[in-house]
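Please look over the sequence and the structure shown below before reading on.

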Amino acid sequence: MRVDGRCHCGAISFEAEVDPETTGICHCTDCQGLTGTAFRVTVRAPADRFVLRGKPTIYVKTADSGRRRAHAFCPTCGSPIYATSADPKFYGLRVGTLRQRRELRPRRQSWCASALPWSSDLEELGLERHQHQPS
Ligand SMILES: [Zn+2]
Ligand SMILES: [Zn+2]
């Protein structure tokens, strides 16, 4: 599936070919911290199908396992764009930056042990619902 996306300010944009079956949610504590929210939604794009415009800032994260991942984000607006390994074969694109994000439904969840306890069922919380920001 062809997708395209951009950071919030538009300084960085990209096009890619993704496999929707690889759309997933990650509840790991690194993703919580790096996104500033409850979990991350990612889809995989092969490196040879990923075309990037603009120059992201790269933050290299070293996991407990020693594995290094390069996390790219916009230096101006801070939008996370992708993560990849030192020798990129795939890019993990941040689904929220994709224009086609509504069509990419997650197929799996990982690191569920660190999921925030309320995140598995928002309906169950019985929250008030607003179509826009309530006044
Ligand atoms: Zn930006
Ligand atoms: Zn994660």
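In this predicted model, the zinc ion (ligand 1) has a tetrahedral arrangement, because the 4 donor atoms around it subtend angles of 106 to 116°. For comparison, the ideal angle for four tetrahedral donors is 109.5 degrees.

**Zinc ion (ligand 1)**
- The coordinating atoms are the SG atoms of C7, C9, C74 and C77, which lie at 2.3 to 2.4 Å.
- Along the chain, these donors follow the spacing C-x1-C-x64-C-x2-C.
- C9 sits in the loop between β1 (2-6) and β2 (13-17), while C77 sits in the loop between β7 (68-73) and β8 (80-85), so the pair ties together parts that are 68 residues apart in sequence.
- C9 is partly exposed, with a relative accessible area of 38%, and C77 is also partly exposed, with a value of 31%.

**Zinc ion (ligand 2)**
- The protein donors here are the SG atoms of C26, C28 and C31, at 2.1 to 2.3 Å from the ion, and their spacing in sequence is C-x1-C-x2-C.

**Q32 and its surroundings**
- Q32 belongs to helix α1 (residues 29-35) and is buried, with a relative accessible area of 15%.
- Leaving aside residues up to four places away in sequence, Q32 touches H27, T37, A38, S114, A115 and L116.
- A polar atom of the Q32 side chain lies 3.4 Å from the backbone oxygen of A38.
- Q32 and S114 are 82 residues apart in sequence, and their C-alpha atoms are 9.4 Å apart in space.

Notes:
Residues are numbered from 1 along each chain as its sequence is written. Chains are lettered from A and ligands numbered from 1 in the order in which they are written. This is a predicted model: local features need pLDDT of at least 70, side-chain atom pairs count only at pLDDT 80 or more; totals for chains, interfaces and linings use all residues. Side-chain values use heavy atoms; hydrogens and water are left out. Donors are N, O and S atoms within 2.8 Å of the metal (3.2 Å for Na, K and Ca); water is not among the atoms, so sites may look incomplete. Four donors count as tetrahedral if all angles lie between 85 and 135 degrees; four count as square planar and six as octahedral if opposite donors are over 155 degrees apart and all others between 65 and 115; anything else is irregular. Helices (H or I, at least four residues) and strands (E, at least two) are DSSP runs, numbered from the N terminus. Buried means under 20% relative accessible area, exposed over 50%, partly exposed in between (1.4 Å probe, protein chains only). Contact means heavy atoms within 4.5 Å. A polar contact is a pair of N or O atoms within 3.5 Å; within protein, one must be able to donate a hydrogen and the other to accept it, and residues adjacent in sequence count only if both atoms are side-chain atoms.
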